[in-house]
Every structure is written in structure tokens, then in C-alpha cells.
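Please walk through this structure with me.

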Amino acid sequence: MSSTSTTPRSPMAPPRSFLWSRRIFLTLLTGFVLVPVYVMVSSSLKPLADVSGKFRWIPSGLTLRPYVDIWSTVPLARYFVNSLIVAGAATACSVVIAVFSAYAVSRYSFRGKRVFTVTVLSTQMFPGILFLLPLFLIYVNIGNATGIALFGSRGGLILTYLTFSLPFSIWMLIGYFDSVPRDLDEAALVDGCGPLGALFRVVVPAAIPGIVAVAVYAFMTAWGEVLFASVMTNDTTRTLAVGLQGYSTLNDVYWNQIMAASLVVSVPVVAGFLLLQRYLVAGLTAGAVK
Amino acid sequence: MTTTTAASAEPGERTVRKSSPGAARGPRRTGRIKRIGLPYLLLLPALALELLVHLVPMVIGIVMSFKELTQFYIRDWGTAPWAGLDNYSVSVHFDEPVGEALLHSFFVTIGFTLLSVGLCWLIGTAAAVYMQDNFVGRGVLRALFLVPYALPVYAAVITWVFMFQHDNGLVNHVLHDQLHLTDKPSFWLIGDNSFYALLTVSVWKGWPFAFLIVMAGLQNIPGELYEAAALDGAGLWQQLRRITLPSLRPVNQVLVLVLFLWTFNDFNTPFVLFGRTAPESADLISVHIYQASFVTWNFGTGSAMSVLLLLFLLVVTGVYLLLTSRGRKTADV
């Protein structure tokens with residue numbers, strides 16, 4: 001999608017010095033970005049001797065053994081399923097709730113609008129550590145009072161994660177919805193759609209790139225979180241973020257397995273992100289940065 | 001909406017409308033109530049969740065900071081005795097061990113955050129500006145540059161942990177074995193070097209976000225501005241200073257703030273890099289408070305430290321928005 005809306009900077013060809021500085025800068029940056037990726041990929045294919053001794057750029061031999069072993073060293077499959085459920089559900093809920101909120105803020109004027117947006121956005125600056133323990137106590141108390149198990153369950157984690165991505169999602173969608181012409185939903189209202197009909201038949205379809213961008217962000221947030229996952233899960237509900245540390249607490253550190261597992265858990269998000277990144281850029285362009 | 005409900009609706013028109021126009025007064029009133037209530041109804045889920053997960057816990061956290069909440073009371077925290085301002089005075093007595101360690105951690109975090117945000121912004125902006133024009137391989141490069149940001153934190157940081165290993169890591173292999181820059185292999189995850197290790201990982205993970213935002217911001221600058229400037233004889237450097245950077249100002253205002261808050265509160269990176277106890281030179285405040293709360297089981301003091309941190313961030317954000325919004329009509333954030 002690199003060809004979209006490329007602004008021609010100048011009608012003249014850029015000077016040679018610019019081209020050379022660009023070449024050098026981008027080459028160095030590519031190296032900086034790629035070295036860890038190379039380490040991850042190459043080490044995951046090395047025999048254990050290669051990763052226990054001195055670092056080798058070129059593996060002495062290639063093996064797929066680590067990719068077989070990772071599933072039995074720790075219950076990786078279970079962590080994987082847990083992460084999928086938690087991140088998937090958190091993303092779905094977060095997107096729907098953000099769409100409703102952003103529509104209200106974008107299309108209606110009402111008392112408390114500014115208070116709402118400022119309050120929601122200001123939660124972004126809370127240090128997670130401040131509400132980790134209180135939240136833990138609230139979940140335990142809700143569990144004791146109503147029998148709904150939030151602490152240690154996937155539900156509690158879903159609830160927590162969806163609020164993490166909510167502020168940024170709402171903020172980005174407000175900008176995106178603002179860029180959808182009002183005439184469109186007013187026409188829908190005149191045609192007999194209710195406000196919700198106008199939202200789902202007109203505004204949402206027109207804002208799909210923004211919504212996809214928000215979903216990508218929400219999924220990545222939930223997939224990568226460590227702090228709350230380490231406190232709020234137990235053996236059966238543990239997610240990848242915590243589960244991956246299981247490899248290094250063993251007596252022998254199987255670095256080839258750790259790298260293989262890291263790669264396996266990264267592939268879904270990185271692939272999804274790269275496929276959808278053009279929506280993210282388009283969404284940011286139309287919404288957040290306008 | 002109400003103006004279109006004509007009193008003498010024709011039969012054909014009537015079938016189109018959902019609300020019956022016959023009883024004009026009734027629907028109009030409920031319609032208005034709906035119109036006023038609807039935005040609040042739409043906001044309700046978001047509000048309820050923010051209350052449950054952020055605002056109520058914050059209030060409880062503030063209450064806890066005034067209690068003597070040690071492990072003896074954690075089962076039933078309501079019965080913990082009030083401690084008045086004790087937790088705060090322990091935290092800010094900078095000549096005593098607890099306060100001294102907190103102050104040290106605070107300065108480490110400030111230094112780390114400023115360096116990390118500055119580097120992330122600089123690299124991200126430079127890359128976005130260099131990649132403003134189309135060239136062969138631009139799309140591939142752009143996808144590649146976003147990989148560190150897309151990788152889950154723990155997977156990325158654990159790879160760096162491997163690279164920073166003393167005996168079998170890549171960093172020592174390159175610096176000591178291949179380039180002979182050091183006399184003996186260095187320790188990267190303990191001791192003074194750990195600050196630079198943390199900074200490297202943080203910049204590696206953080207700069208693509210700046211790149212992404214600045215790249216999106218650049219697409220909103222009309223190309224005619226550059227054409228006009230080029231016709232007037234402005235060089236690339238002048239175009240950058242007179243067009244690109246001023247146009248990016250509103251984007252940068254938000255970007256720098258968001259980067260600052262995220263980096264300052266970052267827990268995941270140091271936690272995966274160093275484990276539960278961070279080395280002194282890389283003792284970021286969020287891990288420090290986590291340790292003060294969960295390792296020593298003194299949640300009252302931990303909460304007081306968190307509240308102080310929140311107050312600091314509130315002041316910094318307020319001052320920042322005031323300073324950067326001067327001369328602009330609205331500060332939307």
C-alpha cells in the first residue's frame with residue numbers, strides 16, 4: 001500500500017548527498033531492527049550445543065527439534081489457547097464499546113462530553129501498579145459476594161485488558177467518525193433508520209479502516225501484557241506472557257526452545273499486524289493525527 | 001426529525017415511515033427523551049468499565065495509601081489500622097533507606113524516559129522523513145521497521161536477554177571476540193551496564209511507534225506546499241524546517257506525551273529483562289513499587305508511592321499541555 005497518497009516532495013530530483021545519507025541511515029536502521037529478529041530465527045533452529053556455548057552467527061547444523069520440544073517442556077498449547085481466548089474476547093468487546101462511545105461523542109452534543117473524554121484519556125497515565133492491587137481486591141470481593149469468579153479466570157483478564165485499549169480506541173475512532181460526512185447519517189435518519197441504524201449501516205462501513213486499526217491495537221495490547229497476567233492468572237488460565245518464562249526457570253536454559261517458542265507466539269500477531277498495517281496507517285492518518 | 005412528520009401524511013408515504021405520524025405529540029416527546037438519553041446510553045458500557053477497572057481501584061488505592069497495610073491485614077484489608085500520613089512520610093524521607101531508594105529510582109526513571117523518548121522520536125521522525133518519497137523497496141522496509149513494535153513485548157525482550165547473556169550472548173561475542181573493544185566479556189543485565197541495555201531494548205521497541213505516527217502525519221501535508229517551496233528555491237533542509245516540522249507540531253504534541261507516559265510507566269520491559277529485582281542502575285519506578293509492594297508485602301507504602309507517582313505525572317502532563325498548547329485554540333487531549 002506504499003503507493004497510496006505519496007506526496008511528491010519536490011519536482012526536482014533530490015541531491016546526491018540526500019540520497020547517500022538516506023542510504024546509510026536506512027541501512028544502519030535495518031541492521032538494528034533485524035539483528036534480534038535474526039537471532040530469534042536462527043537460534044530457534046540451532047542444536048542445544050550452539051546456544052549453550054559461544055554465540056555463533058552461522059549455526060553448526062539446522063534442526064527442527066526445538067519446535068517439537070517446546071510443546072512438552074511447558075504446556076504451551078494451553079497458554080496459547082488461553083491467550084487467544086483472552087485477547088480475542090477483549091478485542092471484540094473493546095471495539096464494540098469504543099464504536100458506541102466514539103459515535104456518541106462524535107455525533108451528539110451533551111452535557112459532560114468533555115469530562116468524559118478527558119477522564120477516559122487520563123486513565124492512560126495511571127501507572128498500572130497503582131490499581132493492580134485494588135483491582136485484585138475488587139475481583140476477589142466480587143467473587144466472594146456474587147460467586148462470579150473474576151480473579152484467576154479468563155473473564156477477569158478480558159475485562160481488565162479491554163479497558164486498557166479502550167481510551168486510545170475511543171480517541172482514534174472519534175477522529176475517524178468525525179471525518180465521515182454527517183450528511184451521510186442524516187440521510188439515513190431521514191430514510192427512517194434509527195440512530196443505531198445510521199451508525200451500523202452508514203458510519204461503521206465508512207470507518208472500517210479505523211475500526212480495523214483499533215482492533216489490531218486492542219489485540220496487540222492484550223496479547224503482550226505481562227504485569228496483570230502474572231498476578232491474575234493461575235495454572236489453568238495462564239497466558240503466553242507468563243507461560244513463556246517457564247522455559248528459563250528450569251535448571252538448564254534451553255535458549256533454542258525459548259527462541260522457538262517466542263517465534264511461535266509472535267507469528268500470529270506480527271503476521272496479522274503486517275497484513276493490516278496499511279489500515280492502521282490509514283486509520284491514524286484520517287483519525288488520530290488530523 | 002420532527003419537522004418532517006407532516007400532519008396530512010399520504011398513505012403511500014406512511015408505509016415508508018417507521019413511526020406513525022398520526023399521534024404527533026406523543027412520539028415527539030419520547031423522541032426528544034431518546035435523543036437526550038441516547039448519548040449517555042451509548043457511553044454507559046465504556047463508563048461502567050472505566051469505573052470498575054480504573055477509577056474505583058484508583059480511589060481504593062488512595063484510601064489504602066493511608067492504611068498500615070502489611071501482610072497481617074491483607075486478608076481483610078478494611079480492618080487495617082489507619083496510618084495517617086506515615087506511608088507518605090516514609091516515602092519522602094529521602095535520607096532514610098526507603099525514601100532514598102525511591103528518590104534514586106525516580107531519577108533513574110526520569111533519565112531513562114527522557115533519553116528513550118528523545119531517541120525514539122528522533123529515529124522515528126528521521127526514518128519517516130527519509131521515507132516520504134517513494135523508492136524501490138519502500139513498502140518492504142516500512143513493514144520491516146514495524147516488526148519490533150508488532151512483536152509481543154515478552155518475545156522481543158527475551159530475545160534481547162539472550163543477546164545480552166555473559167557467556168553465550170551475541171553482544172559480548174561482537175564487542176569482545178570480534179571487535180576486541182573490551183578486555184573481558186561484560187555483564188549487561190547486572191551492574192551499571194544494565195541501564196544501557198534497558199535503554200537499547202526500549203528504543204528498539206519504541207521507535208517504530210513514533211515512525212508510524214509521524215508517517216501518518218506526513219500524509220496529511222499537501223504536496224503543493226513542497227512544490228511551491230521548491231519553486232521558490234527552498235532546499236530540502238529548509239523544506240524540512242519550514243514545512244514538515246511545523247506541520248507535524250500537533251501530531252508531535254500528542255506523540256511525545258504518549259511516548260513519555262508509556263515509557264515512564266513501562267513495567268513489562270524491565271520486568272522481563274531483569275526479573276523481579278532490577279539492578280540498581282536500571283531500577284525503574286514501576287518495578288521498584290511492585291517490589292516494594294509484593295516482595296516486602298507492604299502495600300500501604302507501595303500505594304503511597306503510586307499516588308505520589310500519579311501526582312507527578314498529572315503535574316507534568318498539565319504543565320506540558322499548557323506549554324505546548326499556548327497560541328493554539330484548543331487542546332483536545
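The side chain of Thr109(B) places a polar atom 2.6 Å from the backbone oxygen of Ser105(B). The side chain of Thr109(B) also reaches the backbone nitrogen of Ile285(B), at 3.0 Å. A polar contact here is a pair of N or O atoms within 3.5 Å; within protein, one must be able to donate a hydrogen and the other to accept it, and residues adjacent in sequence count only if both atoms are side-chain atoms.

This is a predicted model: local features need pLDDT of at least 70, side-chain atom pairs count only at pLDDT 80 or more, and totals for chains, interfaces and linings use all residues. Residues are numbered from 1 along each chain as its sequence is written, chains are lettered from A and ligands numbered from 1 in the order in which they are written, and side-chain values use heavy atoms, with hydrogens and water left out.

Stay with Thr109(B). It lies in helix H4 of chain B, residues 97-130. Helices are DSSP runs of H or I, at least four residues, and strands are runs of E, at least two; both are numbered from the N terminus. Is Thr109(B) buried or exposed? It counts as buried, because its relative accessibility is 0%. Buried means under 20% relative accessible area, exposed over 50%, and partly exposed in between (1.4 Å probe, protein chains only). Leaving out residues up to four places away in sequence, Thr109(B) touches Phe264(B), Asp283(B), Leu284(B) and Ile285(B). Contact means heavy atoms within 4.5 Å.

Now turn to chain A. Its secondary structure comes to 13 helices and 0 strands. Of its 290 residues, 53% count as buried. Take the contacts in chain A between residues at least 6 apart in sequence: 75% join residues at least 24 apart.

The unreviewed UniProt entry annotates transmembrane regions in chain A, including residues 79-103 and 158-177. Such annotations may be inferred rather than shown by experiment. In the model, residues 79-103 of chain A are 100% helix, and their end C-alpha atoms lie 36 Å apart. Residues 158-177 of chain A are also 100% helix, with end C-alpha atoms 26 Å apart.

Finally, look at helix H1 of chain A, residues 16-43, where Leu28(A) is found. Leu28(A) is exposed because its relative accessible area is 62%.
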